[in-house]
Amino acid sequence: MGTHRLVSELSLDKPLHPVRVKVICKGPTVVGSGFQKTVLIFGDEKGNTIQATLVRDLEASADMPLEEGHSYEIKDFELSHVIPERVRLTRNRYNINITKSSVILKIDPIKHFSFYCFPNWDDLYRGLHHPKFPIDIYGQVIGVGFLEEYIMEPVNGNNGIIDHKIRFFVLHIPNVVIKCVAYGALAHVFNDLWNSIDADIVLCVLP
């Protein structure tokens with residue numbers, strides 16, 4: 001019996017051995033009545049991913065060390081089924097629940113996988129990809145427009161706020177051109193990056 005399990009091997013029917021994972025994504029922290037909750041995405045050394053929930057008492061004296069991009073061994077966690085009505089951030093049917101009883105140890109970095117989820121474009125175009133699962137799209141940037149102003153929808157009786165957007169085109173395999181638009185602060189970031197690059201070929205990943 002190994003000392004730890006892969007994410008894909010987790011099951012409510014098996015003993016919960018420790019897992020060794022990399023924090024791929026750390027979502028915003030939601031503060032409730034006496035607690036705060038953070039949703040994370042973990043990946044293991046085989047490229048498997050799983051959603052995790054970290055719940056902490058607001059009065060706790062120390063935070064649990066979980067930083068995006070770092071790798072950890074996690075012991076004494078709880079496991080639960082993903083609630084069907086929610087959007088599933090991974091294809092794993094389980095969710096790791098990290099509580100105050102869990103033990104978190106920092107380990108050597110896990111670097112073997114990018115953890116991107118690249119679906120087949122034909123499946124996307126034909127509507128065969130399940131809408132509750134996230135996807136990543138990649139391709140070559142073949143055209144970028146200029147920053148444009150647009151008026152956001154009025155909220156709570158306030159007049160619409162003027163913001164910016166930028167249109168760009170990505171050539172996806174096999175020879176499919178995808179029309180894209182970035183809005184707000186992301187539009188400015190994309191525009192600055194594009195104007196600072198002098199490479200002949202620019203690849204883009206859209207998470």
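Visitor: Which residue in β6 stands opposite S80?
Guide: Two strands pair if DSSP finds at least two bridges between them, and strands are DSSP runs (E, at least two residues) numbered from the N terminus. Here S80 stands opposite N95, and β5 and β6 pair in the antiparallel sense over 4 bridges. Bear in mind that this is a predicted model, where local features need pLDDT of at least 70, side-chain atom pairs count only at pLDDT 80 or more, and totals for chains, interfaces and linings use all residues. Residues are numbered from 1 along each chain as its sequence is written, and side-chain values use heavy atoms, with hydrogens and water left out.

Visitor: What is the strand order in the open sheet?
Guide: Its 7 strands run β5-β6-β3-β2-β1-β4-β7, with mixed pairing. The edge strands, β5 (78-81) and β7 (103-106), each pair on one side only.

Visitor: How do I read a nonpolar core, and which residues touch the most other members of the largest one?
Guide: A core is a set of buried Ala, Val, Leu, Ile, Met, Phe, Trp, Tyr and Cys residues joined through side-chain atoms within 4.5 Å; buried means under 20% relative accessible area, exposed over 50%, partly exposed in between (1.4 Å probe, protein chains only). In the largest core, with 19 residues, those are F42, L66, I74, I96 and I98. A second, separate core of 10 residues includes W121, I137, I178 and A187.

Visitor: Is F115 buried or exposed?
Guide: F115 is buried, at 14% relative accessible area, while F113 counts as partly exposed at 39%.
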